[in-house]
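Have the structure open while you read.

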Amino acid sequence: MFRRLFSSPQPEPEPEPELVPRPTAPDSDTETIRRIAAQLQELPMERRRFIGGFAYVLGRAANADLSITPDEVAFIERTIVEVGQLPEAQAVLVVEIARAQTELKGATEDYLVTREFTEGASVEDRQRLLRFAFAVTASDDTITAQESAELNEIGKELGFTSGEVDKVRVDFADQLSAIQAMRRATAG
């Protein structure tokens, strides 16, 4: 107190520089991302994380009804070949790891992997992932109520509002089980 009263005024401290997010360190990756990244050694680490997160979230969407069908697996594999620019054999391995992790650790890893993906992805990449997540659940021509609820959660974790998720959902209205049930009821 005496120092404040009897000393000369101290200059105001300069504001601290704004923090810029740093890339995630490898030791903070989820187990899922570490396993997938290990299979993609020739790619830069950030690209490995991106592909791993993308594959996992698609597997998460496919597993929303607690069953991943062969059609869903094939769709995810084709998507990972396209998005990850990987050879088919490597994409199959990545998807298998993502599928297994989704089934084994889903409740634990879902939020963590999606959050990690969101932190490193552009808005366009997150939009693309959300659209592919809808498409994988629609690959059997029906998006169930469980899948729809999981898509809502994925969209939220990717940083989108309910309205933004609903804009994507409109493109898949014909595959929504609730819409299909209403159409059957009015047709019969």
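## H3 against H7

In this predicted model, helix H3 (residues 45-62) and helix H7 (residues 145-157) have axes that come within 9 Å and cross at roughly 150°. Angles over 145 degrees count as roughly antiparallel, so that's what H3 is relative to H7.

Who's touching whom? On the H3 side you'll find Val57, Arg60, Ala61 and Ala62, and they meet Glu147, Glu150, Leu151, Glu153, Ile154 and Glu157 of H7. Sort the contact of H3 with H7 by class and you get 5 nonpolar and 5 charged residues, with no polar ones.

## H6 and its neighbours

Helix H6 covers residues 123-137, 15 residues in total. From first C-alpha to last, H6 reaches 21 Å, close to the 21 Å expected at 1.5 Å a residue.

Which residues of H6 are buried? The list runs Arg126, Leu129, Leu130, Phe132, Ala133, Phe134, Ala135, Val136 and Thr137. As for partners, the buried residues of H6 pack against H3 and H7 from the section above, and also against helix H4 (70-84), helix H5 (88-120) and helix H8 (162-170).

## Ala173 in its loop

Now for the loop between H8 and helix H9 (177-187), where Ala173 has its place.

How far apart are Ala173 and Thr142 in sequence and in space? They're 31 residues apart along the chain, and their C-alpha atoms are 9.6 Å apart.

Key:
Residues are numbered from 1 along each chain as its sequence is written. This is a predicted model: local features need pLDDT of at least 70, side-chain atom pairs count only at pLDDT 80 or more; totals for chains, interfaces and linings use all residues. Side-chain values use heavy atoms; hydrogens and water are left out. Axes are lines fitted to C-alpha atoms, for helices over the stretch in contact, and angles run from 0 to 180 degrees between N-to-C directions. Helices (H or I, at least four residues) and strands (E, at least two) are DSSP runs, numbered from the N terminus. Angles under 35 degrees count as roughly parallel, over 145 as roughly antiparallel, 65 to 115 as roughly perpendicular and the rest as oblique. Contact means heavy atoms within 4.5 Å. Ala, Val, Leu, Ile, Met, Phe, Trp, Tyr, Cys and Pro count as nonpolar, Asp, Glu, Lys and Arg as charged, and the others, Gly among them, as polar. The expected span of a helix is 1.5 Å times one less than its number of residues. Buried means under 20% relative accessible area, exposed over 50%, partly exposed in between (1.4 Å probe, protein chains only).
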